[in-house]
Amino acid sequence: MSSVKKKVIIIGGGTGGAMLANRLPRDEFEVTIIDRQPYNYFWPWLLYIAFRGSRRPIKREIRSVLKHWVNFIQSDVRVINLKDKYVELESGKRLDYDYVVIATGATVDYSRVPGLDKVTEMYGNYHSNEENAWRVWQTLNSMREGTLAVILAPGAYRCPPSPLEGTFLAEEFFRRRGLRDKVRIVFATFYPRPYPAEPINELIEPLLKERGIDYITFYTLDHIDPEKRVAYSMEGEELKFDAAIVIPPHVGVDIKYVPDDVLDSDRFVQADKFTNMIKGFDDAFVIGDASALPVAKTGVTAHLQADVVARILQGEDAHNTGRTNCPFDVGYGLGTFVISDFNNSTIKYPINRINHLFKVAFAAAYWDIILYPELWDSIFEAYFEATEPAKLRYLYR
Amino acid sequence: MVMSQGNKILVDARGIACPGPITEVVKAYRNAKNGDVIEIWATDPGFEPDIKAWIQRTGNQLLDLRKEPDKIVAVIRVTAKK
């Protein structure tokens, strides 16, 4: 073993960045995480703030979820220079590295849909921050009648099931309040079917019908008139609403890259889907939502990619399988999971109570899983093995 | 990956599983103007019925839809943007 530790810079202290940092052995690596703000967020819980009014905290100091030997710098990053191997902080200070890992996540861009900033201010959303999620809760509580529209704007977004999870939880909310017959709920999506993957859609579409939720497919949101309360599609359709919750277009964060052609048109970083290596560089990686890879923007992806990159940095021949395992809350304490990998399309995984309990149990353990991956690995390995899509596809067709 | 040349836009969605190709089409559509031509390459078998349904629903024009040995090619003229 070399006596000189390899310097690893991880930009972003979210799920992927923190998990990766905690996996790298301290005797081989000197690891530094840089993040613009001091907190690690459990973003999936925005759903329960928005639709259940949950007061459970969703953030913790990044420092508190890192092993004590991991360095943490709170700063904006101005430049990531992959050619000359340095990261420039807001102060102008340059840090060099042996390896750099981009784990900056995704951010939302309201400017891509005219009127969206105003609509968000009025009704909130559950894909950006706590404040907007609380606004959704206020929107639900102030509605007594009319149309609630949940609209998926075209483009990338975090958590594939989340638009429909919100729709189902809104339906449950109004039914429990005795207002279901006075509030129409309509879900609009640019995809050909309510849930884009057909096997899961076979479970979801009948459920939408059963609960009296209207839906519009191939609806490509173009702009919204907040005063008239109308959302217009590129196809010229007009969707009238009394309140609208829009899943905003997501983009990569605003950092200058050298070279800048590693970014796609939405500022996501292009990489190899098996190794997460940034195109053209063998010492630079991207994990989680920041990547342009055709994989779900979801915590489980970041978790599994962090594991693979940690092993590659230690000299192993590791690669991603493309595994997803996204919990999908359909309301009334019921749920399913969206399970697939690069070789197997999504499984028609039955809806039941246990799946929902798994989702809640995971939320309770989230920060512990980040801080002690070595203790949780065997549990996850057993779970992922038991739910391999190659096996499940024979059980659930 | 999207490449633009004049009023022709090429969308390479090969190797992306459903719903990736239709997402790429919508991304290109978002930035296109009426009269533009979008050519999409995909390998996912679900793309063919999806693009047919998309054309039917959106009222744009399908100029060509063919299977080549290594890909499905769809060529669309944008005509229905409001």
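Mentor: Let us start with Lys85(A), which is placed in the loop between strand 6 (77-81) and strand 7 of chain A. Helices (H or I, at least four residues) and strands (E, at least two) are DSSP runs, numbered from the N terminus. The model is predicted, so local features need pLDDT of at least 70 and side-chain atom pairs count only at pLDDT 80 or more, while totals for chains, interfaces and linings use all residues. Residues are numbered from 1 along each chain as its sequence is written, chains are lettered from A and ligands numbered from 1 in the order in which they are written, and side-chain values use heavy atoms, with hydrogens and water left out.

Trainee: What is the phi of Lys85(A)?

Mentor: Most residues other than glycine have a negative phi, and most peptide bonds are trans. Lys85(A), which is not a glycine, has a positive phi near 55°. Its relative accessibility is 29%, so Lys85(A) counts as partly exposed; buried means under 20% relative accessible area, exposed over 50%, and partly exposed in between (1.4 Å probe, protein chains only). Arg229(A) likewise is not a glycine and has a positive phi, of about 60°. It belongs to the loop between strand 14 (221-225) and strand 15 (230-233) of chain A, and a relative accessible area of 35% makes Arg229(A) partly exposed.

Trainee: Which residues does a cis peptide bond join?

Mentor: The bond runs between Val258(A) and Pro259(A), with omega at about 0°. Pro259(A) sits in the loop between strand 19 and strand 20 (284-286) of chain A.

Trainee: In what order do the strands of the mixed sheet of chain A stand?

Mentor: Strands of a sheet pair through backbone hydrogen bonds, either parallel or antiparallel. Two strands pair if DSSP finds at least two bridges between them. In chain A, 4 strands in the order 8-7-6-19 form an open sheet with mixed pairing. Strand 8 (94-96) and strand 19 (256-258) of chain A are its edge strands, each pairing on one side only. Direction ignored, neighbouring strands of this sheet are turned by 15° against each other on average; axes are lines fitted to C-alpha atoms, for helices over the stretch in contact, and angles run from 0 to 180 degrees between N-to-C directions. Strand 7 (residues 86-89) and strand 8 of chain A pair in the antiparallel sense over 3 bridges, and Val87(A) has Leu95(A) in strand 8 of chain A as its bridge partner.

Trainee: Which strands form the parallel sheet of chain A?

Mentor: This open sheet has 4 strands of chain A in the order 13-12-11-17, with parallel pairing. Strand 13 (214-216) and strand 17 (243-247) of chain A each have a single partner strand, so one side of each is left without a neighbour in the sheet. Strand 12 (residues 183-188) pairs with strand 13 of chain A in the parallel sense over 3 bridges, and Val186(A) stands opposite Asp214(A) in strand 13 of chain A. Helix 5 (residues 162-176) of chain A lies across strand 11 (146-152), strand 12 and strand 17 of chain A, at about 175° to strand 12 of chain A.

Trainee: How many aromatic pairs does the structure hold?

Mentor: Over all chains there are 25 aromatic pairs. Rings of Phe, Tyr and Trp (its six-membered ring) pair if their centres lie within 6.5 Å; planes under 30 degrees apart count as stacked, over 60 as edge-to-face and the rest as tilted. The ring centres of Phe51(A) and Tyr126(A) are 5.0 Å apart and the planes stand at 85°, so this pair is edge-to-face. Phe51(A) is in helix 2 (residues 46-52) and Tyr126(A) in the loop between helix 3 (116-123) and helix 4 (130-142) of chain A, so the pair ties together parts 75 residues apart in sequence. Both Phe51(A) and Tyr126(A) are buried.

Key. Contact means heavy atoms within 4.5 Å.
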